[in-house]
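The following exercises are to be worked through with the sequence and the structure at hand. Each task is followed by a solution in steps.

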Amino acid sequence: MYSIRKTDLPLIGSSYNFVGADHGDVAVSVYLVEAQPGRGAPLHVHEYDEIVFVQEGRSRIVVENEIRDVGPGEILIVKAQTPHGFINAGDGVLKQIDIHVSPRFKQQNLEQTEASKRAGLPVITPGRDAGM
């Protein structure tokens with residue numbers, strides 16, 4: 001059995017990052033998001049599926065051209081190559097678990113769309129491979 005504490009994982013931006021390849025060559029990677037109001041991820045895509053479990057707070061998620069506010073207990077599935085991003089739209093800390101079906105994070109940031117602008121998603125240089 002392998003064990004690690006969340007606080008021993010790298011804290012990058014608003015999330016603790018569990019990279020499966022670095023922990024026993026596990027086939028998934030996980031963002032343990034703890035985002036302050038107004039923080040989140042820009043519009044981007046992955047070459048693999050992602051599953052988002054909202055645990056606490058309010059997440060405003062953009063998937064393609066759809067904007068949806070989701071709360072605790074909601075689970076979203078984002079298929080590979082689907083543009084998406086999120087922002088903490090609440091007043092408190094947003095806690096969500098983002099499972100990436102890949103042993104390493106691979107993220108390609110995209111140009112803003114009307115939906116991502118309306119949702120207030122963060123903006124990062126398009127095309128930059130976050131490679132987190």
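**Exercise 1.** Determine whether strand β3 (residues 29-35) is mostly covered or mostly uncovered in this predicted model.

*Solution.* A residue counts as buried when its relative accessible area is under 20%. Five of the seven residues in β3 are buried. Strand β3 is therefore mostly covered, by the cut-off of under 20%.

**Exercise 2.** Examine the backbone angle phi of Asp25 and of Gln81, and state where each residue lies.

*Solution.* 
1. Most residues other than glycine have a negative phi.
2. Asp25 is not a glycine, yet its phi is positive, at about 55°. Asp25 belongs to the loop between β2 and β3.
3. Gln81, likewise a residue other than glycine, has a positive phi near 65°. Gln81 is placed in the loop between β8 (75-78) and β9 (84-88).

**Exercise 3.** Decide whether Asp25 and Gln81 are buried or exposed.

*Solution.* A residue is exposed when its relative accessible area is over 50%. The value for Asp25 is 60%, so Asp25 is exposed. The value for Gln81 is 51%, so Gln81 is exposed.

How values were computed
Residues numbered from 1 in each chain as written. Predicted model: local features only at pLDDT ≥ 70, side-chain atom pairs only at ≥ 80, totals over all residues. Heavy atoms only, no water. Buried < 20%, exposed > 50% of the residue type's maximum accessible area, 1.4 Å probe, protein only. Helix = DSSP H or I, 4+ residues; strand = E, 2+ residues; numbered from the N terminus.
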